[in-house]
Amino acid sequence: MLRLVVRRLLQLVPTLLGLSVLLFIWLNRLPGGPASAILGERATEAEVARINRALGLDQPLYVQYGRFLKRIFELDLGTSTQTGQPVWDEFVLRFPATVELGVAAMLIAVAVGIPLGYLAARKRGGWLDVASVSGSLVGICIPVFFLALILKGIFAVNLGLFPSYGRMATGLDATSVTGFAVLDGVLTGEFDASWDAIMHLVLPALALSSIPLAVIVRMTRASVLEVLGEDYVRTAESKGLERKTVRGRHILRNALLPVVTTVGLLTGSLLSGAVLTESVFSFGGIGSFIRNAIDARDYPVLVGFIMFIAMVYVLINLLVDLAYSVIDPRVRVH
């Protein structure tokens, strides 16, 4: 297992280096250069020259790239032009909110999607199969932000069942330990704060989970249908093995391999989908911060976000490989 982890980590180094090259080229190809992009269209030549000297943009390209790479490895992503604070500090401050939202959305998608896809495959052609396939198609077609507005309008504004914005109720004095509102309430014994944070999570998580849920249902259904036709399943059933053993060990375990890959890819994509969801619910995570950065042309934040998302994808791919090796030990030898 350790050898597998080390090999996967070494294979990911070229990926991050290649991305750093693309980001460096993008920064240097901005209209008028990074300095003009930062200062705006009305910047004078003297101001542009001053920024170029301050940022080291008057040095040769290989020197600029070396410094750029060094800052990335040191987690020095620059300073936000919006807040004047280091980009890394801004991400650390807002990342827990986005993680909570993403984890909640993926838990909903997995907890509902895998059982529903399995049952739809077992009852192929029945009403549950038709309903799940039709519902998954609707889930894929509806934009996340539109569903978020619908959920907010019905369940928050009209019915008042859930909060309509924020992570916690205004005026609730909760102790922050890790930055994760739900976890902090449990650790400090402030269960009312945890419950309030969960209530604030429900609608954004439901909206964000719609597409992953639909994809997982369809992927699980297709994978289970494929496994049901395999010889080893028919052999296990002909031997008279218990249904529980056949379903768990022979059908579901083998059907989960492509589903695990799908879940890994969807988990990474939730961070980009969170931009719109957090904006609708004013959730205060990385997503809403990135939206403001795009409006303000805050390029240090955008570069840091791209590298940050890349590292998240790298870690998720590593976890997917580890999950593969647990589900199917034959993967460890490759």
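Begin with the spans that the UniProt record, an unreviewed entry, lists as "transmembrane region": residues 9–27, 101–121, 133–155, 197–217, 255–281 and 301–324. The model on screen is predicted.

**Two of the listed spans**

Select residues 101–121. This stretch is 100% helix and 0% strand, and its end C-alpha atoms are 30 Å apart. Next, select residues 133–155. Here the chain is 91% helix and 0% strand, with 25 Å between the end C-alpha atoms.

**Helices H5 and H9**

Now show helix H5, residues 87–122, together with helix H9, residues 191–228. Two packed helices are described by the angle between their axes and the distance between the axes. For H5 and H9 the angle is about 35° and the axes are 6 Å apart. The crossing of H5 past H9 is right-handed. Colour the residues of this contact by type: 25 are nonpolar, five are polar and three are charged.

Show their side chains: Arg-94 forms a salt bridge with Glu-90, and the closest N and O atoms are 2.1 Å apart. The whole structure has two salt bridges.

Switch to a surface view and select Phe-145, Phe-146, Leu-149, Ile-150, Ile-154, Phe-155, Leu-159, Leu-161 and Leu-276. Together these residues make a nonpolar surface patch of about 790 Å². Which helix gives the most to the nonpolar patch? Select residues 144–158 to see the helix in question: H7 contributes six residues, the most of any. Leu-276, also part of the patch, is found in helix H11, which covers residues 243–281. Selecting H11 ends the tour.

Note on methods: Residues are numbered from 1 along each chain as its sequence is written. This is a predicted model: local features need pLDDT of at least 70, side-chain atom pairs count only at pLDDT 80 or more; totals for chains, interfaces and linings use all residues. Side-chain values use heavy atoms; hydrogens and water are left out. Axes are lines fitted to C-alpha atoms, for helices over the stretch in contact, and angles run from 0 to 180 degrees between N-to-C directions. Helices (H or I, at least four residues) and strands (E, at least two) are DSSP runs, numbered from the N terminus. A crossing is left-handed if the near helix is turned anticlockwise from the far one by less than a right angle, and right-handed if clockwise. Ala, Val, Leu, Ile, Met, Phe, Trp, Tyr, Cys and Pro count as nonpolar, Asp, Glu, Lys and Arg as charged, and the others, Gly among them, as polar. UniProt positions are given in the numbering used here, feature names are shortened, and annotations may be inferred rather than shown by experiment. Patches are made of residues with over 30% relative accessible area and no salt bridge: like charges are joined within 9 Å, nonpolar side chains (Val, Leu, Ile, Met, Phe, Trp, Tyr) within 5 Å. Accessible areas come from the Shrake-Rupley method with a 1.4 Å probe; for residues, only the protein chains shown count as cover. A salt bridge is a side-chain nitrogen of Lys or Arg within 4 Å of a carboxyl oxygen of Asp or Glu.
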